[in-house]
Structures are given as C-alpha cells and as structure tokens.
Amino acid sequence: MSIFVILGLLVCIEAQGSSAVTTVFVQKGDDLILNVGPKAYFVKWKFNERVIVVFDTEGGRIIDPGFTGRIEFPVKTFSVKLKNLQEADSGVYAAQVSRIMGGGMLTLAEYKVTVQGPVSPVELTVDSVDSVFSRGSDSCNLTVTCSTQHSHISSTFRCVSRTCSQEGGEQSELTTSGASLHVYLMYGAIICNHSNQVTNDFKRIEPFCPQCAGSEGSSAGTSVYLVKMVVFSVGLIIMVFAVITVHLMEKFKKHK
Ligand SMILES: *[C@@H]1O[C@H](CO)[C@@H](O)[C@H](O)[C@H]1NC(C)=O
Ligand SMILES: *[C@@H]1O[C@H](CO)[C@@H](O)[C@H](O)[C@H]1NC(C)=O
C-alpha cells in the first residue's frame, strides 16, 4: 500500500514538470538557503553535476565529505543551507529525483549562484579646470578621473555656475567579472561608483567653477564686515550713553 502512495506522489511530482532556474547573487561569507518543494522524495542535491547530498527514505542523508560542516538542514524538508559561501562555491545547484518512467532525472529546483566579494575602493580626482568668467557668468570645463584597481575612466563636465552637464552622458566600463565602474551626475554631484550585484563603493564631489567659489567667498566677506560694523556701532552708542548717564547722576548727587 505504501508503495502505491509513494508512486502516486512521484507521479504527482513528474506532473509538476521541471522548474525554472533561479539566479542568485550572494555576498562572500553569507549563507544561502536552497529550497525545494516539501512534496519531494528521494531528493539528491547536485553542485555542478556532482552529488553533494542524498536524502534517503528514512529521513537520513548522506553528505559529500567536501561539504560536511558547510551545509545545514533547515526545518523545511529537503531544503539545504549553504554556509559561509566563497567565490569557488559559485555554480549551478539542482535538486533532482529519479524518474519512474523513461529513466533519467527530474529537476525540482535549480539555482544559478554567483558569490561575489566586495569591490575594490574607488578614487575620484579632478584633473583640470578650465574656466572663463565673462559678462558676470562663470563657466568651466572640469575633467575628472574615476579609478579603481586596474581600471579608470576620465570624463568631462561643462558647468555654468553650479549647473553641470556631462559630455557624452554617463560613462562606464566593465572591471573584473560582473563589476562595473561608472561616472555620472546625480543631484548635481559627480559620482564615481564601482559596483557588482551585491556591493558597491563610491566617491562624490560637488563640482564648481573656481571664480564662482571666489565671488561667493568675497560676498560672504562683505556680509561679515557689515555685521561687525553694526555690532561695533551699537556697542559704541551704548557706551556713550552709559558715560553720559554716570556723569549726570554724579552731577545730580553733588547738587543735592
Ligand atoms: C569648454 O569646452 C567647449 C568645447 O570644447 C569650449 O567651446 C569652451 O570654450 C570650453 N570652455 C572653457 C571654459 O574652457
Ligand atoms: C552605485 O551603484 C549601485 C549599483 O548600481 C547602486 O545601487 C548605488 O545606489 C549607486 N550609488 C550611488 C551613490 O549612486
């Protein structure tokens, strides 16, 4: 009787058909749970065609020695948890069962896993600023270099006062596997961003034309000067009043 139950379940699994591949990006050192539907029996987990776990009928399991200590079994039946993933663990993980009819294997779940480490840090430097100041308006061409280990991109920004545009639009370049370096404008700031699917490192600078900064500096200077003058004048008036008051009071006392 139990044979019939199991057969029935297996036919049921076959009817469900094989599942689509799930693509997952994982940060190096993180764990990953690979799920398989709870209705499966006699499941094998494979990593790039190598069998790493086999669940037997009694609920036990056989683990590839290369995976002992690195694999755990969450409560969900037949699901596995891979611990502390490293770049070398990237690949295809599949849960399979044997077909009853026609032979071969039926894939119940398939994951294409990519483990990525942190990207290398970026530097953003201003190489040159060519400015023109005419008819009260400032404009400049600002050239920056966005770089990281083994790659760099230069890009020019044309600014009028503090409003800039990037020549040729956003610039990007592929770096090591899956990572890319970008230089772009965001909310008026120049961003140099090195990113892969799981991490990123970026630097930002606020672009400005030198004259622009200079004129702002002198106008700030003027207002500080004005405030000082006002404070000084008020102070002087109060002191004069005080001296006069004291003098008058003295006179008044003598008079008495
Ligand atoms: C910036 O570059 C453009 C195009 O090359 C040029 O017409 C303009 O005069 C330059 N401006 C400055 C301030 O150098
Ligand atoms: C850098 O790039 C990543 C990936 O595209 C993105 O998630 C992140 O928001 C970017 N950072 C900035 C400051 O633009």
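**Exercise 1. In which helix does L236 lie, and is L236 buried or exposed, or in between?**

Solution. L236 lies in helix 2, residues 210-255. Helices here are DSSP runs of H or I with at least four residues, strands are E runs of at least two, and both are numbered from the N terminus. The model is predicted, so local features need pLDDT of at least 70 and side-chain atom pairs count only at pLDDT 80 or more, while totals for chains, interfaces and linings use all residues. Residues are numbered from 1 along each chain as its sequence is written, chains are lettered from A and ligands numbered from 1 in the order written, and side-chain values use heavy atoms, without hydrogens and water.

Next, take the accessibility. L236 counts as partly exposed because its relative accessibility is 44%. Buried means under 20% relative accessible area, exposed over 50%, and partly exposed in between (1.4 Å probe, protein chains only).

Last, look at the patch. F232, L236, V240, I244 and L248 form a nonpolar surface patch with about 500 Å² of accessible area together. Patch residues have over 30% relative accessible area and no salt bridge; nonpolar side chains (Val, Leu, Ile, Met, Phe, Trp, Tyr) are joined within 5 Å, like charges within 9 Å. A salt bridge is a side-chain nitrogen of Lys or Arg within 4 Å of a carboxyl oxygen of Asp or Glu. Areas come from the Shrake-Rupley method with a 1.4 Å probe; for residues, only the protein chains shown count as cover.

**Exercise 2. Find the residues that surround ligand 2, and sort them by class**.

Solution. Start with the shell: Y184, M186, N193, S195, N200 and F202 surround ligand 2. Near means that a heavy atom of the residue lies within 4 Å.

Now sort. The shell has three nonpolar, three polar and no charged residues. Ala, Val, Leu, Ile, Met, Phe, Trp, Tyr, Cys and Pro count as nonpolar; Asp, Glu, Lys and Arg as charged; the others, Gly among them, as polar.

Then place them. Strand 15 (180-186), strand 16 (189-195) and strand 17 (200-205) each supply at least two shell residues.

**Exercise 3. Where is T199 found, and is T199 buried or exposed?**

Solution. T199 is found in the loop between strand 16 and strand 17. T199 counts as buried because its relative accessibility is 13%. A polar atom of the T199 side chain lies 3.3 Å from the backbone nitrogen of V119.

**Exercise 4. Describe the surroundings of ligand 1**.

Solution. The shell holds D130, S131, V132, S139, C140, N141 and R158. The protein covers 48% of the 360 Å² of accessible area that ligand 1 has on its own.

How values were computed
Polar contact = N/O pair within 3.5 Å; in protein donor to acceptor, adjacent residues only side chain to side chain.
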